[in-house]
Amino acid sequence: MTKIDPWQNALKQLADAAKILKLDAGIHEMLANPKKILTVSLPIKMDDGRIKVFTGYRSQHNDFRGPHKGGIRYHPDVSIEEVKALSMWMTWKCAIVDVPFGGGKGGIICDPKRLSAGEKERLTRRYAYAISEIIGPGKDVPAPDVYTTGKEMAQIMDVYSVMHGQTEPAVITGKPIAAGGSLARNVATGLGVAYCIREGAKKVGLNLKGAKVVIQGYGNAGTYVAEYVEKMGAKIIGVSDTKGSIINPKGMDAKKVLEFKTKHGSVVGYPGSKKVSTEELLTTPCDVLVPAALENQITASIARNIKCKILAEAANGPTTPEADDIIFNKKIMVIPDILANSGGVCISYLEWVQNLQRYYWTFDEVAGKMEHHIVRGFNDTYALSKKHNVDMRKASMVLAVGRVLEAFEARGLWP
Ligand code: NAD
């Protein structure tokens with residue numbers, strides 16, 4: 001499969017929304033360009049004494065609605081195009097769930113699996129130093145992304161705090177609780193997806209009690225989707241991981257499947273289940289299908305055969321553009337990734353607020369506030385999809401671009 005250029009993809013999505021919104025050409029051009037992109041050269045002393053130079057980026061797409069927000073990714077495939085695209089998507093994601101942030105994204109070209117703990121820490125701290133002039137609680141607030149965790153976030157907070165002579169947890173989110181992190185962070189994405197499924201079920205007239213749910217990928221996102229939709233009354237009938245897919249039409253206990261996976265290294269072999277192919281898993285008759293693993297899983301050929309009422313995208317980019325049209329024509333509701341998996345950015349916002357006010361909320365308080373943002377984002381997106389007769393993906397973009405535009409119009413252009 002040819003790799004889709006993320007930046008061209010992001011520009012196309014913006015152009016589609018611009019057409020529906022009849023956006024002025026100059027404003028369209030402004031939104032099609034990140035405000036600032038910083039490229040940094042990072043010399044690191046490796047464990048064997050050599051100096052190796054890495055390249056890092058931070059792209060700040062737009063801040064009309066608030067400080068830039070977005071993760072930091074460590075991966076060999078990090079590129080300026082990818083970082084630009086991801087920073088633009090963050091602008092839209094924050095706008096959809098109405099958290100007062102703009103978009104940003106950062107990354108370092110490296111293979112984190114080939115770095116020792118010490119090398120990774122030196123790289124993280126050098127990167128934090130290199131981007132320190134453009135980040136800050138009111139400027140740009142990074143977070144974890146692929147191959148970065150709370151550990152790196154705490155190190156970045158430490159560098160920034162040392163440089164500014166005061167402890168400043170609000171410079172970054174996704175921190176461990178001990179360093180100012182928020183409760184409910186670990187469940188955020190899965191819980192947010194579950195809230196979206198609940199709202200989607202109301203719209204398509206699906207009773208979640210006994211509804212059949214299939215989840216591809218049983219990692220951080222997938223396991224919490226399973227746990228929370230099960231609490232809402234649904235039945236998990238199929239799950240998968242890298243080792244294979246399993247189905248049991250009678251339903252499987254979400255927590256017991258996780259315990260089995262933890263003990264045996266895979267969901268495959270779970271008592272009472274049958275091993276099936278990926279295609280069989282994705283096309284098995286169900287009410288809700290949740291891709292929670294990789295991108296480009298729902299291809300046109302899978303889309304022709306899927307039999308669900310709701311497709312809730314926990315993973316980023318799981319559906320190909322050709323599949324989108326097929327799914328729309330089949331009248332399946334797609335809850336797009338940019339909305340469905342926004343629980344993380346909602347909790348990031350709530351972590352930042354707690355850091356700024358130096359007062360911390362309980363798990364239920366944080367989850368309740370997140371629910372408010374996601375449910376509103378869902379309902380606003382749904383209303384626009386009906387108004388313009390477009391799928392929820394296009395509607396979410398129209399909502400996002402419209403909100404950014406409103407902020408621009410309120411603030412005006414200076415000079
Ligand atoms: P993870 O690594 O914890 O879990 C991924 C799961 O997918 C694992 O169980 C793995 O075995 C499985 N998997 C990998 N390849 C597979 C394949 N070919 N077939 C079936 N299963 C496969 O990752 P995660 O954090 O749960 O992220 C999953 C997706 O959700 C990604 O697309 C990620 O970008 C997206 N997402 C996650 C978060 C989050 O907070 N965790 C937030 C936003 C988006």
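Predicted model: local features only at pLDDT ≥ 70, side-chain atom pairs only at ≥ 80, totals over all residues.
Local features were taken only at pLDDT of at least 70 and side-chain atom pairs only at pLDDT 80 or more, whereas totals for chains, interfaces and linings use all residues. Residues are numbered from 1 along each chain as its sequence is written, and side-chain values use heavy atoms, without hydrogens and water.

The ligand is surrounded by 18 residues, each with a heavy atom within 4 Å of the ligand. Thr-189, Asn-220, Ala-221, Thr-242 and Asn-316 are the closest. By class, the shell comprises seven nonpolar, nine polar and two charged residues; Ala, Val, Leu, Ile, Met, Phe, Trp, Tyr, Cys and Pro count as nonpolar, Asp, Glu, Lys and Arg as charged, and the others, Gly among them, as polar.

Backbone N or O atoms lie 3.1 Å (Tyr-218) and 3.3 Å (Gly-219) from an oxygen atom of the ligand. For Asn-220, a polar backbone atom is 2.9 Å from a ligand oxygen atom. On its own the ligand has 820 Å² of accessible area, of which the protein covers 66% (Shrake-Rupley method, 1.4 Å probe). Two or more residues of the shell come from each of α7 (220-231) and β7 (235-241); helices are DSSP runs of H or I with at least four residues, and strands are runs of E with at least two.

Helices α3 (residues 80-96) and α15 (residues 392-411) have axes that come within 8 Å and cross at roughly 90°. The two helices are therefore roughly perpendicular (65 to 115 degrees).

Definitions and conventions
Axes fitted to C-alpha atoms, helices over the stretch in contact; angles between N-to-C directions. Parallel < 35°, antiparallel > 145°, perpendicular 65-115°, else oblique. Polar contact = N/O pair within 3.5 Å; in protein donor to acceptor, adjacent residues only side chain to side chain.
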